[in-house]
Amino acid sequence: MAPPSPSGEPLILPNLKLKVLIEAIRMVLEIVYDEKFVTFSYGGRVGMGRHTAIRYLKHNVTNPSWWFNVSFCPNKFDEFNVDKLCSFIGEKIKDGMLIDVIKKLFECQVVRVELGGCYLGRGFPQESGLCSILINVYFDGFDREVQEMRLQMNRKNLKFELTKLDLNDSNVFYKPVKLHAVRYLDEILVITSGSKMLTRELKDWVLDFIEGNLGLKVDRVKTAIHSAVSEKISFLGMELQAVPPSVLHPPMSEKAIRARKKYLRQKEVRSLELRNARERNRKKLGMKILSHVFKKLKQSNNGFKFEFQIENEVREIFRTWADEVVQEFLGSLEERWNWHRQLSRGDFLSLRHVRDQLPQDLVDAYDKFQEQVDKHLTPIKARRALEEEEKRVREEEEQKYSERIVDDLTKLCMKVSAPIELVRKAVRMAGFTNTMGRPRPISLLFSLEDADIVKWYAGVGRRWLDFFSCCHNFKMVKTVVSYHLRFSCIFTLAHKHESTKLEAIKHYSKDLKVSDMNGNEEVYFPTERDVKMMGDKNLSDPKPVDGAISLALIRLASDEPSHSCVAHFCDSTDTIMYRVRLLQNHLNMNPLDEAQWVKGMGTIHETLNQKCLPLCADHINEIYMGKITLQDIDCTSFVEVD
């Protein structure tokens, strides 16, 4: 049990043995329930995280009209909610001892479930490993009711589609009424493609079910219906809006078209130079082969004898050479026209009095030769084929343009954006930038080693990039990380060593390279190339940046004897003492005040502020880089150091 915070709220944390028990209970519940949860239930499940929910919204939700986000009043699970939760578990698991253990964990406040807060699924120490699975079990009945409503709407749409066969050849566009729902722990988003009256009735049913059947308090003022087209809605720390497909995939601008044409011209010039180089090399090779054959022929008395096989490489070179020559010839109208004119010019054998005086075999051979010339070398057929190819390409472009216009008029897609204003506010509040938006040093980090400073910045930057990698405006987040965080780190290192920015860049480079104990240079901060490679194809599902940006572990020069590392299952005694410094206490801000704090940004419990934790080099590195969180260490083993 951690001492009470300044506000008087205690924090009860489990030790390692109790965490093992909690993990065992979680595994049992996961085996029983995971396959029975509905498909739109995310959080606390393998492969079903925030990014998976966002991808579902982006790829499966089309033509939304109205939506609303269920906003819970901040409240903890009381005795009524715990009894109802245990009754839900008792319907599936007939084990009274297990249910009694879960009740005992709630009574001891080792497991706390608080809805309407900003700490679930973020890796904070006050969140128990059981919270996610218990919330999913508690809302499973609600999820199934919503799923049944979705299936009923789909069946009605199917019946209507079977009876509207006369609309297939008309210009009428049919938009079926659909219902989509996504729930990530205590965040619930409901989307409809019907009328506002239908959405209002659905909202009333949802709120009545949550308040009546689940006994939870809902903020009905904040749970408002928004237009999917004209209003943005915040969900999972991102902003959602319905937009036409051309907004997500805009057509090329005039500048981009000119740049593409320039690139194609340069590509054509490079290919021509490469073809000419190959031509020169082939001519040299051919001359060498002919010279060699002629030399052998002169040295031989009985004539030249071919006693060896041509190498496969030479054979392949001549084969590709012949193919390219034929292809180049057939693709050129001018070459065809010249050869056709030369081979058919002076057609005196077409005269009757000449043909009668020649042998019939010669006349027939000439006629066949002229047929082959007209078949393969006539430019009329080639011109006609090229015109047909150009016509086909032009028709395909017109078809794509018409489909794009129709989609813009009849289809809406989901646009996911990062809240840039909130990101900039968080950057400014954490001290990365000043009031003018320019990078500045953070004096709190001066006591850390240079490598730890870079790792702390790198952990914050990588978490931000990974978390917002699925957003449409990801480039703006890249700018925040690659400019504000990078140069704030450079300024911090420069001020620590009382040097200039240029000297720090010269020493560490812009990639912020630091040397390890063996003198090897390592790069922790995302390089500019790494930042460019990140995007929507990133399949990771990281936690938000809240736990990294609001936590600073300050190294202490302590005379205390060595302690064991507080990370789980680590017996290392070669540790360093670190003091926990929380952002809200350092800035003396109230996280509940949205005017001062960043909206939706969670905080670590304030009872851990100023606590000292012994950590080994490997685990402090993993904490800085975001590979582990405070949930993975024994926060009950803090050390009192003056």
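1. In strand β5, Leu179, Ala181 and Arg183 point one way, while His180, Val182 and Tyr184 point the other way, and all are buried. Buried means under 20% relative accessible area, exposed means over 50%, and partly exposed lies in between (1.4 Å probe, protein chains only). In a regular strand the side chains alternate between the two faces of the sheet. Strand β5 covers residues 179–184 and is mostly covered, with six of its six residues buried. Helices (H or I, at least four residues) and strands (E, at least two) are DSSP runs, numbered from the N terminus.

2. The model is predicted: local features need pLDDT of at least 70, side-chain atom pairs count only at pLDDT 80 or more, and totals for chains, interfaces and linings use all residues. Residues are numbered from 1 along each chain as its sequence is written, and side-chain values use heavy atoms, with hydrogens and water left out.

3. Which strands pair with β5? Strand β1 (residues 41–42) pairs with β5 in the parallel sense over two bridges, and tyrosine 42 stands opposite tyrosine 184 of β5. Strand β6 (residues 187–192) pairs with β5 in the antiparallel sense over six bridges. Here tyrosine 184 has glutamate 187 of β6 as its bridge partner. Two strands are said to pair if DSSP finds at least two bridges between them.

4. The strands β5 and β6 form a hairpin with two residues between them. Leucine 185, in the turn, has a positive phi of about 55°.

5. An open sheet is formed by three strands in the order β13-β14-β15, with antiparallel pairing. Strands β13 (551–555) and β15 (612–616) stand at the edges with a single partner strand each, so one side of each has no neighbour in the sheet. On average, neighbouring strands of this sheet are turned by 45° against each other, direction ignored. Axes are lines fitted to C-alpha atoms, for helices over the stretch in contact, and angles run from 0 to 180 degrees between N-to-C directions.

6. Strand β14 (residues 575–582) is joined to β15 by five bridges, and the two run antiparallel. Methionine 577 stands opposite proline 614 in β15. Helix α22 (residues 617–624) packs on the sheet and touches β13, β14 and β15; contact means heavy atoms within 4.5 Å. The direction of α22 makes about 110° with that of β15.

7. How many salt bridges does a search of the whole structure find? The search finds twelve, where a salt bridge is a side-chain nitrogen of Lys or Arg within 4 Å of a carboxyl oxygen of Asp or Glu. In one of them, arginine 26 is bridged to glutamate 23, with the closest N and O atoms 2.7 Å apart. Both residues lie in helix α1 (residues 16–33), three residues apart, about one turn of the helix. Glutamate 23 is partly exposed, at 33% relative accessibility. Glu23, Arg26 and Glu30 are linked in a network of salt bridges.

8. Arginine 392 forms a salt bridge with glutamate 396, the closest N and O atoms being 2.6 Å apart. The two are four residues apart in helix α14 (residues 379–410), so about one helical turn separates them. Arginine 392 is partly exposed at 37% relative accessibility, as is glutamate 396 at 38%.
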